[in-house]
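Here is a short tour of one protein model. Keep the sequence beside you as you read.

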Amino acid sequence: MKMIRAIDIHKQFSGVEVLKGISLEVEKGEVVAIIGPSGSGKSTFLRCLNRLEQIDSGLLEIEGEQLAGPGPGGACQYADEGRARQICSKMGMVFQHFNLFPHLTVLQNLLEAPMTVKGMKREDILPLAEELLNKVGLLVKKDSYPSSLSGGQKQRVAIARALAMQPDIMLFDEPTSALDPELTGEVLKAMRQLAEEHMTMVVVTHEMGFAREVANRVIFMDQGEIVEEGLPEQIFRAPQQQRTREFLDKIL
Ligand code: ADP
Ligand code: MG
């Protein structure tokens with residue numbers, strides 16, 4: 001089943017087109033890495049997928065349900081608010097800057113959205129929340145506040161928090177780029193584990209090792225376009241496009 005169908009997505013900010021017709025389809029259990037220079041539209045594309053940004057035109061389908069697409073007059077139309085929310089609740093997102101609630105403990109951070117958004121009872125979400133914290137190695141920190149955690153620990157809490165909503169798809173926007181190098185490993189390990197459990201994942205990353213070893217497919221974006229995509233070994237060993245080669249030469 002196609003978990004994500006994004007077809008010919010266009011998006012501009014004050015007249016400047018930052019997505020110039022991006023198309024991406026993601027199968028269940030697939031891990032897609034998006035790489036590319038700063039400013040190429042990677043974050044904007046990810047944010048469009050879960051409606052943090054609205055597209056100008058194109059089609060967005062999540063698990064077969066239409067989030068946005070051409071309406072009767074041809075203009076782009078979104079699903080109504082309730083439905084759009086429901087569709088987007090299938091996706092969890094992890095940001096570069098953790099975005100944990102600073103006034104809540106680690107455990108409360110995980111319980112918050114399931115209780116307020118999904119209306120779940122604390123005792124019903126608690127076992128999953130503790131299991132997820134255990135999985136990312138932070139159950140011992142459940143009563144700590146985010147300010148007492150390292151960046152790597154915060155990001156692992158952010159991953160567990162997104163998973164507490166039981167999403168079918170996880171979106172990651174450069175989850176390790178705000179971390180000191182010695183802390184990226186623990187976050188990548190949690191992501192790798194998630195991939196091994198066949199979570200459907202779209203990961204914007206500068207971690208080429210992760211893209212090479214964990215992703216099933218690598219997308220190279222530049223200037224609002226997908227320039228090239230393929231299997232990791234194709235992209236890294238034999239990129240077809242000049243722009244891909246130049247980018248990889250610079251960062252590898
Ligand atoms: P990337 O994640 O690949 O670095 P972004 O998606 O963040 O790229 O940005 C793509 C382009 O869109 C950049 O030129 C950026 O300045 C612009 N942009 C992103 N968000 C906004 C916004 N909210 N308002 C105006 N311009 C934006
Ligand atoms: Mg970005």
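Arginine 47 touches Leu52, Glu53, Met93 and Phe95, leaving aside residues up to four places away in sequence. Contact here means heavy atoms within 4.5 Å. The model is predicted: local features need pLDDT of at least 70, side-chain atom pairs count only at pLDDT 80 or more, and totals for chains, interfaces and linings use all residues. Residues are numbered from 1 along each chain as its sequence is written, chains are lettered from A and ligands numbered from 1 in the order written, and side-chain values use heavy atoms, without hydrogens and water.

Arginine 47 lies in helix α1. Arginine 47 counts as partly exposed because its relative accessibility is 26%; buried means under 20% relative accessible area, exposed over 50%, and partly exposed in between (1.4 Å probe, protein chains only). Between the C-alpha atoms of arginine 47 and glutamate 25 there are 16 Å, and the two residues are 22 apart along the chain.

Now the sheet. Five strands form an open sheet in the order β2-β1-β4-β5-β6, with antiparallel pairing. Its edge strands, β2 (16-27) and β6 (76-78), each pair on one side only. From one strand to the next, the twist averages 15°.

Two helices pack on the sheet.

| Helix | Strands touched | Direction angle |
|---|---|---|
| α1 (residues 42-49) | β1 (2-13), β2, β4 and β5 | about 120° with β1 |
| α2 (residues 81-88) | β4 and β5 | about 120° with β5 |

Axes are lines fitted to C-alpha atoms, for helices over the stretch in contact; angles run from 0 to 180 degrees between N-to-C directions. Helices (H or I, at least four residues) and strands (E, at least two) are DSSP runs, numbered from the N terminus.

Strands β4 (residues 57-62) and β5 (residues 65-70) pair in the antiparallel sense over three bridges. Two strands pair if DSSP finds at least two bridges between them. Leucine 60 stands opposite alanine 68 in β5.
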